[in-house]
Amino acid sequence: MTHAKQETAPAIRDQWRDWLVGQALPLWSEAGFDPSRVLYHERLDWQARPIRLDASRLMVQARQIATYCRAALDGVYAAGDQALDCLDRVERLYHRTDAQPGWVFSIDPDNRPASTKRDLYAHAFILFACGWAIRYANRPKDRALARCIADEIDLIFSADNGGYLDAIPDDGTRRSQNPHMHLLEAYLVVFEATGDSFYLDKARSLVDLARTHLIDTRSGLLLEFFAPDWSPLAPYGANQVQAGHLFEWSWLLRDFGRLAIDAENGAEWREQTAASLFEAGFTHGCDHQRRVVLDSMSDRHVVQEHSARIWAQTELLRLLYTPGLTPKTDDAGPYAAAFLRIFAPSQLGGGWVDHIDARSGALVDYMPASSLYHIYGAGREIISR
């Protein structure tokens with residue numbers, strides 16, 4: 001590391017700490033929390049005022065619960081009890097409230113089910129939230145709830161040809177990698193919280209699914225969408241690849257290796273794949289002039305969208321700031337500084353611009369709560385270095 005980088009690295013870390021701990025976490029536990037409902041708001045406007053919506057999604061509540069449990073565990077922000085209260089409330093409002101197994105997708109402003117579809121992505125996140133609640137408070141009821149969620153996921157979503165259906169009702173047209181990725185993430189968190197090998201076995205099956213179906217043998221890339229038989233949804237060269245998800249899988253494959261007792265089994269494939277996914281995403285899926293991760297490219301490395309979502313930036317930053325994971329650590333500081341400049345301007349006081357266009361202009365006029373989960377995952381690595 002050059003002398004200049006040694007001088008700037010602490011400054012960037014301090015800027016991130018001031019923004020994340022001093023502004024973002026307080027914003028979303030105060031202005032971003034509705035004490036009358038004991039739920040988190042989905043969106044704030046640029047003045048940090050809640051935006052009234054017709055429905056509140058399970059996924060958003062679960063992400064916020066997990067984030068504030070993590071921040072409390074890390075000792076950087078004490079809103080863990082608020083998160084536990086929200087988890088208890090969410091269980092009452094979303095779990096089996098239509099007298100069917102599983103969790104409803106969303107509720108209306110009167111706390112009645114707004115959408116009763118069963119969504120694998122949302123179920124993955126409520127399991128993830130339980131994992132962090134267990135690590136924070138270790139309540140027996142959260143351990144029981146986690147096992148209930150895992151059993152209901154198998155009951156509701158299991159597919160005959162491996163993996164899971166995206167949602168029930170299923171329209172029978174496609175399968176997606178994304179909910180499987182977050183389910184893997186959830187299983188790993190709950191395993192680390194409980195030590196129960198049941199969850200590690202579930203995680204192992206999803207790593208196997210990635211190896212056999214999700215990562216394309218022709219391109220070596222993780223594809224986003226598949227036909228119901230797990231074949232690529234589009235012809236070669238026309239399939240969507242998201243660099244942010246390449247970075248997430250790179251992280252998760254290594255995290256599985258960290259936690260698995262039999263880590264030697266498949267270790268070479270995991271390490272090689274984690275490295276190649278990162279390299280492909282960083283080489284072909286980023287705009288290195290602006291220092292942003294782009295929305296998507298094809299499975300021939302052709303950029304499809306020059307816009308950029310905030311979450312993808314954080315997945316790259318998490319890898320760049322974790323020692324030993326990538327050879328690109330000299331890029332960590334410049335990308336972290338660009339994040340604050342482009343996505344978290346000071347006038348938003350802890351808020352963020354979720355989506356920008358090719359010229360870094362805002363594509364949205366609100367701040368979504370759901371981004372905080374990604375931001376904190378990266379931020380905790382940055383401020384600890």
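Which residue in β14 is the bridge partner of V241? M297 is that partner.

Ground rules, quickly. This is a predicted model, where local features need pLDDT of at least 70, side-chain atom pairs count only at pLDDT 80 or more, and totals for chains, interfaces and linings use all residues. Residues are numbered from 1 along each chain as its sequence is written, and side-chain values use heavy atoms, leaving out hydrogens and water.

Elements are DSSP runs, numbered from the N terminus: helices are H or I with at least four residues, strands are E with at least two. Strands pair if DSSP finds at least two bridges between them.

Back to the sheet. It is open, with three strands in the order β11-β14-β15 and antiparallel pairing. Its edge strands are β11 (240-241) and β15 (303-305), each pairing on one side only. Strand β14 covers residues 296-298, and two bridges join β14 to β11.

Next, another open sheet. Three strands run in the order β4-β5-β6, again with antiparallel pairing. Here the edges are β4 (56-57) and β6 (113-115), and each pairs on one side only. Two bridges link β5, residues 106-107, to β6. In that pairing, I107 stands opposite P113 of β6.

Now the helices. Take α3, residues 80-94, and α4, residues 120-137. Their axes come within 11 Å and cross at roughly 135°. That makes α3 oblique to α4. On the cut-offs: under 35 degrees is roughly parallel, over 145 roughly antiparallel, 65 to 115 roughly perpendicular, and the rest oblique. Axes are lines fitted to C-alpha atoms, for helices over the stretch in contact, with angles from 0 to 180 degrees between N-to-C directions.

Who touches whom? G80, D81, L84, L87 and V90 of α3 meet I126, A133, Y136 and A137 of α4 (contact: heavy atoms within 4.5 Å). By class, that contact has seven nonpolar residues, one polar and one charged. Gly counts as polar and Asp as charged, while Ala, Val, Leu, Ile and Tyr are among the nonpolar ones.

Last, the rings. The whole structure holds 19 aromatic pairs. One of them is F128 with W132, edge-to-face, at 6.5 Å centre to centre and 75° between the planes. Rings of Phe, Tyr and Trp (its six-membered ring) pair with centres within 6.5 Å; under 30 degrees is stacked, over 60 edge-to-face, the rest tilted. Both F128 and W132 sit in α4, four residues apart, about one turn of the helix.
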